[in-house]
Structures are given as structure tokens and as C-alpha cells.
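Subject: Structure handover

Hello,

Here is the structure I promised to pass on. Please open it before you read my notes.

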Amino acid sequence: MTFKAYRQLAKLIKRNSDLKDKRHPMYEKNKFMKFLAWFMVAYYAALMLLMGVVLPMGLGGRHTAAFHAIDSGFFIILIIDFYTRFILQETPSQHAQPYALLPIRRSFLMHLYLRNAMFSLGNLFWAFFLVPCALVAVMPLLGFWAAVGWLLGYWLLIVANSLIYLFVRALCLKHLLWFLAPLAVHAALFCAMFLPDHNVFRLPFIHFMDAFAHWQLWPYLIVLPIIAFWYWANYHLQMGMVYNEVAKKEDVEMKHVATMGFFDRYGAMGEYLKMETKLRLRNKQVRTSFFIGLGLIVFFSLMQYCSDVYDGSFMKSFICLYNYIILGTMTLTSIMCFEGNYIDGLMARRESIYDLLRAKYYFNCVILLLPLVLTLPIVIIGKVSLLMNLGYMFMTFGVLYPIIFQLAVYNRDTIPLNQKITGKQANMAQNIIAMAVLFVPLGVEKLAVQLMGDVWGYVFLMALGIVGVATHRLWLKNIYQRFMARRHYNMEGFRASRA
């Protein structure tokens, strides 16, 4: 195949990728989400521009250049970049699978997608922060070309970081436990940087980035082989994943099937509790969302435990609320969407939907004991008060969950249980509810504390939650009745959106 043919094929694949997003069944329903996505990109770009100008001015001192202070913690930039990619970036094997049975060389597809991942515009997003830093801190001291070399060094590090992410993400698609590997590495780096009196990596990091600014050869001899190695590792791993997908090759092993007999005492409710448990243990889509939520709770709790950056009043409240509501927003905003795969069977039995809603509520209330345990170390060291912790937990039980459960009436799009969905799957109602439960409670808490004081303000939040828990049968029955009034309309949507 000639170079011209390769270029035309690459353009065709790019065009098909753009059409895939436009032809997604949720594309027309999700204009609000598209507007919100572009608004958030613009917001974070403006925020990074502001930080890129203000931060070097505040870090500069008599004995330390401002960009040296930034260089001393450049791993923080790479770690933040690594985890944000889980929301935005797919692996090459996911892109290549639709073409795997066509007469197109898989090696061409894999090289094409890996190169696109390396040179994507997403790898330049940090330029909103780094370019102002270079103009304010590097260029006045070392000159224009030093600033260019400094920026080039950071770009190469971000490219290497993107390839490492692709490798880890591909392994996580095989088994979610692989996610523990980067968590362990990043936790060790944080401990080495923040727990000792002095950051042990400070001087090596500064010398490394300073060598880029002075266009020395040795940092390139370190970074470029790293990029080459991870490119090679990704190529072979992703090729193997595409082959296994096409050949439908699966590792089958005999497993013990848990009967969960302790739920039998609850009758029909117990059967739905079993279904909720197995939904999170067996089905890829739900299991991944659930464990990502747990990972975020652990991450933010560790950040608050190890650092003083989040000790402000607002950030304490936000992280406390986030730890309790994240599992609900990850799974419950799609309430009934997973059940859309077998909604006809559920509707065959009288009041089965009501029992299902009750089981979902009880199960998710019990699950909130996990963030309670994970946030106890922060409470013990005094960074978050016990009353604040309990106030947000009870508020989630009795106020926020009833709000999220209202989506059971309006959700009518089936989400596959095991297929990885990375596109536009949330509708406007889900996005509005998710933002409301994430930000409105902060205002309620601040107002209650301002009017009643710290103790009675959090007691008020607990009282609101207790009222919601005590009346849960009433509002669940109301949701059930409204769902049944719309059942034919909803079931039509569930059937039409099945894969």
C-alpha cells in the first residue's frame, strides 16, 4: 500500500470516528451535556491560565526561582493528568475493534491510534498552565529558547504519561485489580514527597527539568527510551486484546457461585438484594463504576489526610459530601437503566418494581458505611468533625438519595451491563440531578451552620436525613406509582435503546 493510500485510509478512519459520536443514540438528547462539557473545558482552561500567571509570582523567592518550585513537584501534574484521562480517553484497542474483521492490517490500525494518542490535542491542555509559567518565570531569567526547552520537556513527560495510562487502562479492562498498581506507585510518590521534612525528589526534579531548559542531551536520553518502551508495550498488549476480541477468546474457569442464603429470610426483597449485590460483582459496567467511586473516595481521603491544601472550610465540606454522594451519582443516576435489559421480566410480577426500589435503597444505605469507615482517619486527626461527617451521611440517606431516586420515573434508556460505554450516556435530567446533589447541600450546610452554629447546624442536617429515612416507604411508593403511570412509555424507550 502506498503512502497516499495510507493517508486516505487514516482520513477515512478519522471521519468514521467523528460520525460514531454523532450517530450515538444519546447525541440528540444530550445537547445540555455538550454545552456543559464545553463550558467546563473553557472554565478549567481559564482557571489554569490564571494559575499559570499567579502561581509563579507567589512561588518566586530570593533563593529559589519560581519555575524551580514548580519543577520540584512535577509528578503532581503527571498524576493529575493520569487520572483525568480515565474520564476522557479510550484505548486504541477499543477504537480498532470495529475494523478488526476488515481487510486492514491491524498493525497499521494500532500504529495509527497510538500515534494519534501521542500527538492528540489533549496532551497540550496543560499548556494553558505551563505556557504562562514559562513566560512569567522561565523566559525573564533564562531567555526564550530556555522557555521552549522547558515546555518541550514537560510535553515529552505528558506524552510518556499518556502511553503509561493507555497500558494501565488496557489492563484494567481485563481485570479491575490492575488499577491498584498505579495507585500504589502514586501513593508511594506522595509519601516520599510529603511525609518527610524535605521532599527527597526536589533537587533531582529541579536538575532534570533545568537540563531541558538548557537543552542538554541527557534528559532526552532518559525520556525518549521511556516513550519508546511504553509505545512497544502498548502495541503488543493492544494487538493481543484486539485478537482476543475477534476470536472471542475468553479465560473460562470454574467458580463457586455464591448463593447468598442469608438474604432468603427477607422473601422477595431478599431476591432483589441478591440481584443488587450480583449486579455490582458480575457486570462490568456497574462494577467498574462502583470501584471507580470507591477509588475516588480513597484518593480524596488520602489527599486530605496527607496534605494541608484542602483544610479550608469549603474544601472540607465538599470532600465530606463528595465521599458520601459519589457512589450514588456513579450508579443511582442511571437507576432502572441497567434493569432496562430485563424490564419485561420485572413487569410480569405485581409490585416487583416497588420491591426493587426498596432493595436498591436499603442496599445503597448499607454501602454508605464504606465511606464512613474510610473517612474515620480524617475524623480522628481532627480535620473533619464527627458531627459534619454524620450530618452529611444522614443527609445522603434521607435527602439526597430520595432526590436521585426520582430519576427512576424518567430514565428510559437501557445501558448494557457488560459493554464498556464511554460516550454520551447521561441525559439532561441525570446531569441536573447530579450537579444539584453535589453542590446544593453545601449551601444548605453553610446556611444552617451560619444560623444555628456548628453543633446545631449539623444536628439539623442529621434531623433532615432521619425524617427522609423514616418516611422512605411513602416516597418510594410515590415513585413506584408514578413509574407505573408511565410504564408503557418507559418500556418503549428501554426496548428501543437496547443494544
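This is a predicted model: local features need pLDDT of at least 70, side-chain atom pairs count only at pLDDT 80 or more; totals for chains, interfaces and linings use all residues.

**Whole chain**

The chain has 23 helices and zero strands. Of its 499 residues, 45% are buried. Take the contacts with a separation of 6 or more: 81% of them join residues 24 or more positions apart. The disulfide count comes to zero. Cys-320 is buried, at 4% relative accessibility. Cys-365 is buried too, with a relative accessible area of 14%.

**Nonpolar cores**

The largest nonpolar core has 62 residues. Those with the most contacts inside it are Met-336, Ile-343, Ile-353, Leu-357, Tyr-401 and Phe-405.

What does Phe-405 touch, leaving aside its neighbours within four places in sequence? Its contacts include Leu-332, Ile-335, Leu-357 and Lys-360. Tyr-361, Trp-475, Leu-476 and Ile-479 are also in contact with Phe-405.

**Helix H19**

H19 covers residues 386–405. Its 20 residues should span 28 Å at 1.5 Å a residue, and its end C-alpha atoms are 27 Å apart, which agrees. H19 does bend, by about 45° at Thr-396. The helix is mostly covered, with 14 of its 20 residues buried.

**Asn-364 in H16**

Asn-364 is found in helix H16, residues 352–367. Is Asn-364 buried or exposed? At 3% relative accessibility, it counts as buried, because the cut-off for buried is under 20%. Leaving aside neighbours within four places in sequence, Asn-364 is in contact with Arg-280, Thr-331, Leu-332 and Tyr-401. Leu-332 is also in contact with Phe-405. Tyr-401 is among the residues with the most contacts inside the largest nonpolar core.

**Helix H9**

H9 runs over residues 180–194 and has 15 residues. From its first C-alpha to its last it reaches 21 Å, close to the 21 Å expected at 1.5 Å a residue. Which residues of H9 are buried? They are Pro-182, His-186, Leu-189, Phe-190 and Met-193. Seen down the axis of H9, these buried residues fall within an arc of 100°, so they line one face of the helix. The general rule is that an α-helix has 3.6 residues a turn, so residues three or four places apart point the same way.

**Ala-160 in H8**

Ala-160 is found in helix H8, residues 144–174. It is buried, with a relative accessible area of 8%. Not counting residues up to four places away in sequence, Ala-160 touches Ile-226 and Ile-227. Ala-160 and Leu-78 are 82 residues apart in sequence, and their C-alpha atoms are 9.6 Å apart in space.

**Two positive phi values**

Met-336 is not a glycine, yet it has a positive phi of about 75°. Met-336 lies in the loop between helix H14 (313–331) and helix H15 (343–346). Its relative accessible area is 0%, so Met-336 is buried.

Trp-215 is a residue other than glycine, and its phi is positive, near 55°. Trp-215 is found in the loop between helix H10 (202–213) and helix H11 (218–247). At 43% relative accessibility, Trp-215 counts as partly exposed.

Best wishes

Note on methods:
Residues are numbered from 1 along each chain as its sequence is written. Side-chain values use heavy atoms; hydrogens and water are left out. A nonpolar core is a set of buried Ala, Val, Leu, Ile, Met, Phe, Trp, Tyr and Cys residues joined through side-chain atoms within 4.5 Å. Buried means under 20% relative accessible area, exposed over 50%, partly exposed in between (1.4 Å probe, protein chains only). Contact means heavy atoms within 4.5 Å. Helices (H or I, at least four residues) and strands (E, at least two) are DSSP runs, numbered from the N terminus. The expected span of a helix is 1.5 Å times one less than its number of residues. The arc is that of the directions from the helix axis to the C-beta atoms. A disulfide is a pair of cysteine sulfur atoms within 2.5 Å. The bend at a residue is the angle between axes fitted to the seven residues ending there and the seven starting there.
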